[in-house]
Amino acid sequence: MLEKNYKFLLWLYILWFLASVLLISLGVLPSSLTRIHSIFLIFTGIFATVFFIMQYGKGLGSAITILIFVVTTSIEWMQLGFADENYGGNYGFTIQGIPVTFGFIWIGLIAGTHVIAREITLKVKIDWLRGGMYSVIAATMVMIFEVLIEPISVQTKQLPFLGNGLTVLQFSDIANWWLLGLILHLMIYFILSLTDKWENLKYPDLKSEIVIVYWIILAFFVFLSFYADLWASISVGLIANIIFTICYYFSLDNKKGEPPSKKEIEI
């Protein structure tokens, strides 16, 4: 029943996304991030939160979600100190200057990077190597997303552009997000490994659903980048994520289900 409800909500979410794209195309909604778009993006984070709780239980799933939200929102909030006052307003809902919308975006994003990187590395037998590969792959996906979203951020703040229309990317900021993604995913890996939750998912059929949610987030920002003529960011974001997603589906094709856990093997 839970799986059916989740999949039903996914279809509503997809229709919501398509309606948003249509309204932006018709000029009804703006092509920049606003409070209206924030509602859609916040629902993305809620969708991912439900996924974590369904897969890992209320306690562990909530703990992972809170970890992601607190860390990423804190980073975004600190970055606002170097920007104009309008920066937070242009990027959706804020509470006491804290950009909560971004926290929900990152929950949805990391849910997707977690599932994709986990599936790619699931058959690696050596624990430390598996954890390292998982974290590096997921952190690289986080960095690629930052490459996609950073130019939109810079353009919204009306910072300088290059002659070919590309924004002046803040490469140090992108590198910092890679490091943050690495640390977050290492923490997730250790938490799930120590609680024996890494090898099995309670609802394995929902993996592809969260990957779809991940791609909807990407598609939304690709669509906004299209209106801003950010072709380099679009190319990098699409090509890299297509490669990772292909690797994910090849990993799915190599096995019919989740491998048995250590406890099941011992029994």
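This is a predicted model: local features need pLDDT of at least 70, side-chain atom pairs count only at pLDDT 80 or more; totals for chains, interfaces and linings use all residues.
Student: Why is leucine 12 called partly exposed?

Tutor: Leucine 12 has a relative accessible area of 41%. Buried means under 20% and exposed over 50%, with partly exposed in between, so leucine 12 is partly exposed. Leucine 12 lies in helix H1.

Student: What makes Leu12 part of a nonpolar patch on the surface?

Tutor: Patch residues need over 30% relative accessible area, and leucine 12 has 41%. Leu12 forms the patch with Phe8, Leu9, Leu15 and Leu18, and together they have about 480 Å² of accessible area.

Student: How do you know that the span of H5 agrees with its number of residues?

Tutor: At 1.5 Å a residue, the 22 residues of H5 should span 32 Å, and the end C-alpha atoms are 31 Å apart, which agrees.

Student: Why is H5 described as largely enclosed by the rest of the structure?

Tutor: Of the 22 residues of H5, 20 are buried, so the helix is largely enclosed.

Student: What makes the pair of lysine 207 and glutamate 119 a salt bridge?

Tutor: The cut-off is a side-chain nitrogen of Lys or Arg within 4 Å of a carboxyl oxygen of Asp or Glu. The N to O distance for lysine 207 and glutamate 119 is 3.1 Å, and the pair therefore meets the definition. This pair links distant parts of the chain, with lysine 207 in helix H8 and glutamate 119 in helix H5, 88 residues apart. Both residues are buried.

Student: How do you know that glutamate 119 and arginine 118 also form a salt bridge?

Tutor: Their side chains meet at 3.6 Å, N to O, and the limit is 4 Å. Arginine 118 is buried, as is glutamate 119.

Student: Which residues have the most contacts inside the largest nonpolar core?

Tutor: In this core of 67 residues, they are Phe145, Ile210 and Phe221. The largest share of the core, 12 residues, comes from H8. Beyond its neighbours within four places in sequence, isoleucine 210 is in contact with residues including Tyr6, Phe51 and Val115.

Notes: Residues are numbered from 1 along each chain as its sequence is written. Side-chain values use heavy atoms; hydrogens and water are left out. A nonpolar core is a set of buried Ala, Val, Leu, Ile, Met, Phe, Trp, Tyr and Cys residues joined through side-chain atoms within 4.5 Å. Buried means under 20% relative accessible area, exposed over 50%, partly exposed in between (1.4 Å probe, protein chains only). Helices (H or I, at least four residues) and strands (E, at least two) are DSSP runs, numbered from the N terminus. Contact means heavy atoms within 4.5 Å. Patches are made of residues with over 30% relative accessible area and no salt bridge: like charges are joined within 9 Å, nonpolar side chains (Val, Leu, Ile, Met, Phe, Trp, Tyr) within 5 Å. Accessible areas come from the Shrake-Rupley method with a 1.4 Å probe; for residues, only the protein chains shown count as cover. The expected span of a helix is 1.5 Å times one less than its number of residues.
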